[in-house]
Amino acid sequence: MRHASSPTPEPKALVSRRALRWAALIGAGAAAFSVVSISVASFNSTTAGVSMNVTSKKIFPGVRSTSTWNVKDASAGAGEVDASDVFLTSGDSKIKTTGNWSSAFSSTRYVEFDFNSSKAGGIPVSTATFNFSFADNVAGNTACIYFEVYRASTSTLLGTYGSSGTPLACSSSSTTYTNVNQSIAAQVTSTDVLDDLRIRVYGRESGNKAMKIDLATVSGATSYANYTTYEQISRDRSTGTVTTTNWPLALSGDGTNYTSASNWATTFSTSRYLKFFFDPSVPTGAVITSVTLNFYYRSSFNSNTACWYGEAYNGATLLASYGSSGTPQSCNTGNTTYSTDTVTMSQLISANDANAVSDVNNLAVRAYMKESGGKATQVDLVQLNVNYYLD
Amino acid sequence: MRRNSSSRARKLLLTLAALGAAASIAGLGTFATFTSSTSTSNTIASGTLSLTAPFSRLGTGASPIAPGDTMQRAIDLSYSGSISFASATLTTSASPSSLLDTDATNGLQIAIDKCSQAWTEAGPPYTYTCGGSTSTVLASRALVGSGIALSNLTLTAGATDHLRVTLTFPGGAGNTLQNQSSTVSYTFSGTQRAGTDQ
């Protein structure tokens, strides 16, 4: 265009500048392509991919501890007396009578249960159910309840069943118990929650009287085993003022203990013992690598000496003995310090017992005792510790 | 005039493009082989680059594992071609995947070391001892990764590196890693050495 406007046309160029620019560009591009191709070209080699499958255990190894809630006391030598936790089972005539409630629900009037944490963590839980049995303490009156589910460690409210306006259940009888079996599966979704569970039951009583509680447990299933969880701390705040009761055999050093129902003899007798049942809910197929029993005890009388030896049973089958009448497992003098015995129950591990899971799940331990002054004994802790895993 | 000018430009354009292409071919030719018709022949052939694993335990899985477990698997990497390598990398992936490979902290960790001679194997479960000297090929790290650089390999054509892959399930792994399953794939890759005068 420029030359078109020139009054004196310039000599005609052999090649227009535009064409020259295009040609240079293409040529340079081709040359550059060849250089780049050379600079990046290289051989490489790759091994054939190899695959490895890795699977983790269903339940990692770990010690799970559970106390005993089912206790039979034969210290008198005249048969067994049920000394179990009052909330363990219904229909056993062992009940908890609360304080007097108000005739209207109040946020400061409740009974509360902290449950034990004996299950392997991190396992999905299904069908968790709160089992609660109660009755009015006065004929003709009516007691009603609703409850809340909490994480015990954080006091975080997880869910509510019923309300002050619409109670979950009522009882208008002082003799027939009302049974509540309320699913709390929406809140208790794993054993992590189950092992950290608190349930608070709000109540009212039409005559401002007490109510009776016969049962407070949580039951359900994991993928591997059924379970029941038991309370280890209960708080009665029915009156508005709290009274805390620890299940004495579940916690050591808490200032509570179980005192034998009767005085012991000064010598061992096969008819005088305490019997403890456990419910560790070890899954079928689990491998048990260790079992120990904590048994903390003392005399109830200053300067007297209490001694014990033990036997482990599954039903009527004697599995193992720990000490004997001639050689007690241990002795302890005085009523100020507990003997903190840990008994290794190596007969119950999988390596030594083909029925280890069954034997541990159905374990009953008899503690035969004698007391040098013929007095009662005090037991602070009975705890079974089971180390197991599930492949 | 415009048509004639345009026509010349096209001719010139084609000419220059052809020259450029010729130049590029000539450039390539500098790396090619010439033969002559004289009695002396000069045959040049390209080398081969080959990375193989003539021996491998990596396909042997492990289950079920618990925190604190380790898994050792030996693998021999052979540079069986005629060209040495400049570097080698490892790429790992998982399918199916789980927390065992996605949890970089509490999931599986991988480390690789090399023995100057073949590892002495025991088991299963496999464990290995080195009768020579050992060196670190890969320091412990999360299992899954792409193009993970490997160190201290021989990489020389015709040589073999005796490697021991160790997977560790950290002792701090929590219950969320229970009942998990992953299938992990391992692929070793090598790149040829830089070009040299031949």
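User: Which domains does the assignment give for chain A?

Analyst: Welcome! This is a predicted model. In chain A the assignment gives domain 1, made of 59–65 + 254–390, and domain 2, covering 86–246. Their centres, taken over C-alpha atoms, are separated by 30 Å.

User: How do you know that residues of domain 1 of chain A are in contact with residues of domain 2 of chain A?

Analyst: Two residues count as in contact if their C-beta atoms, placed from the backbone, lie within 7 Å. By that rule, 12 residues of domain 1 of chain A are in contact with 10 residues of domain 2 of chain A. On the domain 1 side, the largest share, four residues, comes from strand β3 (residues 59–67) of chain A. By class, that side has four nonpolar, five polar and three charged residues.

User: What makes strand β2 of chain A and strand β11 of chain B a pair?

Analyst: Two strands pair if there are at least two bridges between them. Strand β2 (residues 50–56) of chain A and strand β11 (residues 181–192) of chain B have six bridges, so they count as a pair, in the antiparallel sense. Here N53(A) stands opposite T183(B).

User: And how many bridges join β2(A) and strand β2 of chain B?

Analyst: There are two bridges between β2(A) and strand β2 (residues 62–65) of chain B. The rule asks for at least two, so these strands pair as well, in the parallel sense. The bridge partner of V54(A) in β2(B) is A62(B).

User: Why are β1 and β8 of chain B called edge strands?

Analyst: Let's start with their sheet. Chain B has an open sheet of five strands in the order β1-β3-β10-β5-β8, with antiparallel pairing. β1 (51–56) and β8 (134–142) of chain B each pair on one side only, and they are the edge strands. Neighbouring strands of this sheet are turned by 25 degrees against each other on average, direction ignored.

User: What makes β1(B) and strand β3 of chain B partners?

Analyst: β1(B) and strand β3 (residues 70–79) of chain B share four bridges, and a pair needs at least two, so they qualify, in the antiparallel sense. F55(B) stands opposite D76(B) in β3(B).

User: What is the average pLDDT of chain B?

Analyst: Chain B averages a pLDDT of 82, and 76% of the residues score at least 70. Over residues 1–6 of chain B the pLDDT is below 50, and this stretch has one contact beyond near neighbours in sequence. Residues 12–38 of chain B also stay under 50, with 33 contacts beyond four places in sequence. The model itself scores ipTM 0.76 and pTM 0.80.

Note on methods. Residues are numbered from 1 along each chain as its sequence is written. Chains are lettered from A and ligands numbered from 1 in the order in which they are written. This is a predicted model: local features need pLDDT of at least 70, side-chain atom pairs count only at pLDDT 80 or more; totals for chains, interfaces and linings use all residues. Domain bounds come from an automatic or database domain assignment. Ala, Val, Leu, Ile, Met, Phe, Trp, Tyr, Cys and Pro count as nonpolar, Asp, Glu, Lys and Arg as charged, and the others, Gly among them, as polar. Axes are lines fitted to C-alpha atoms, for helices over the stretch in contact, and angles run from 0 to 180 degrees between N-to-C directions. pLDDT is the predictor's confidence in each residue, from 0 to 100.
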